[in-house]
Amino acid sequence: MKIRRLKTGEEPPMELLLLADPSREMVGEYIGRGECLIAESEQGTIGVYVLLPTRPGTVELVNVAVAEELHGRGIGKRLVMDAIETARARGFMTIEVGTGNSSLGQLALYQKCGFRMVSVDLDFFVRHYPEEIIENGIQCRDMVRLTQDL
């Protein structure tokens with residue numbers, strides 16, 4: 001697997017990005033302001049993540065997605081670890097990530113990669129997404145915020 005920056009003029013892998021964030025509007029908005037990196041293998045594009053500078057010294061990992069047929073193979077962890085290393089190499093001091101209260105696998109992954117929970121944005125997904133999101137049989141209502149010092 002090779003991870004590279006999306007080239008200028010290259011279309012982002014929306015089908016993958018929409019796996020992690022169902023709002024085409026929100027993805028389109030932050031992809032234009034952030035840095036999109038894609039993971040490729042012989043099969044083509046298999047994963048993606050987006051880093052978005054938010055404050056001086058701080059970057060947010062706003063989207064991490066892996067092709068559904070490749071879940072459970074450690075690709076997501078490799079993407080998150082690459083995001084951490086990329087942020088560190090870009091001179092950021094802190095990396096943050098937010099995920100849904102119902103995103104149980106993602107919450108575990110981020111903690112395994114060294115992130116710590118710092119806050120909860122109550123009703124974030126109710127306020128910002130017009131349709132109800134159900135994941136793991138749980139309504140996704142709140143955004144759990146995690147952070148890691150670099």
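Student: Which strand gives the largest share of the lining of the largest pocket?

Tutor: Strand S4, residues 58-66, with seven residues. Strands here are DSSP runs of E, at least two residues, numbered from the N terminus. This is a predicted model: local features need pLDDT of at least 70, side-chain atom pairs count only at pLDDT 80 or more, and totals for chains, interfaces and linings use all residues. Residues are numbered from 1 along each chain as its sequence is written, and side-chain values use heavy atoms, with hydrogens and water left out.

Student: What counts as a pocket?

Tutor: On a 1 Å grid over the protein atoms alone, a pocket is an open set of points with protein on both sides within 12 Å along at least five of seven lines, for a 1.4 Å probe; lining residues have an atom within 4 Å of a point.

Student: What is the volume of the largest pocket, and which residues lie nearest its centre?

Tutor: The volume is about 1,200 Å³, taken as the space filled by probe spheres set on the grid points. The lining has 47 residues, and Ala20, Val64, Thr99, Gln106 and Tyr110 lie nearest the centre. By class it has 24 nonpolar, 13 polar and 10 charged residues.

Student: And Tyr110, buried or exposed?

Tutor: Buried, at 6% relative accessible area; the cut-off for buried is under 20%, with a 1.4 Å probe and protein chains only. Tyr110 is also among the residues that touch the most other members of the largest nonpolar core, which has 40 residues. Such a core is a set of buried Ala, Val, Leu, Ile, Met, Phe, Trp, Tyr and Cys residues joined through side-chain atoms within 4.5 Å.

Student: What does Tyr110 touch?

Tutor: Leaving out residues up to four places away in sequence, Tyr110 touches Leu61, Val64, Val80, Val97, Thr99, Phe115 and Leu146. Contact means heavy atoms within 4.5 Å.

Student: How many aromatic pairs are there?

Tutor: Three, counting Phe, Tyr and Trp (six-membered) rings with centres within 6.5 Å; planes under 30 degrees apart are stacked, over 60 edge-to-face, the rest tilted. Tyr110 and Phe115 have ring centres 5.8 Å apart and planes at 70°, so that pair is edge-to-face. Phe115 is buried, at 2%.

Student: Which residues form the aromatic cluster?

Tutor: Phe124, Phe125 and Tyr129. The rings of Phe124 and Phe125 are edge-to-face because their centres lie 5.0 Å apart and their planes are at 80°.

Technical notes
Buried means under 20% relative accessible area, exposed over 50%, partly exposed in between (1.4 Å probe, protein chains only). Helices (H or I, at least four residues) and strands (E, at least two) are DSSP runs, numbered from the N terminus. Ala, Val, Leu, Ile, Met, Phe, Trp, Tyr, Cys and Pro count as nonpolar, Asp, Glu, Lys and Arg as charged, and the others, Gly among them, as polar.
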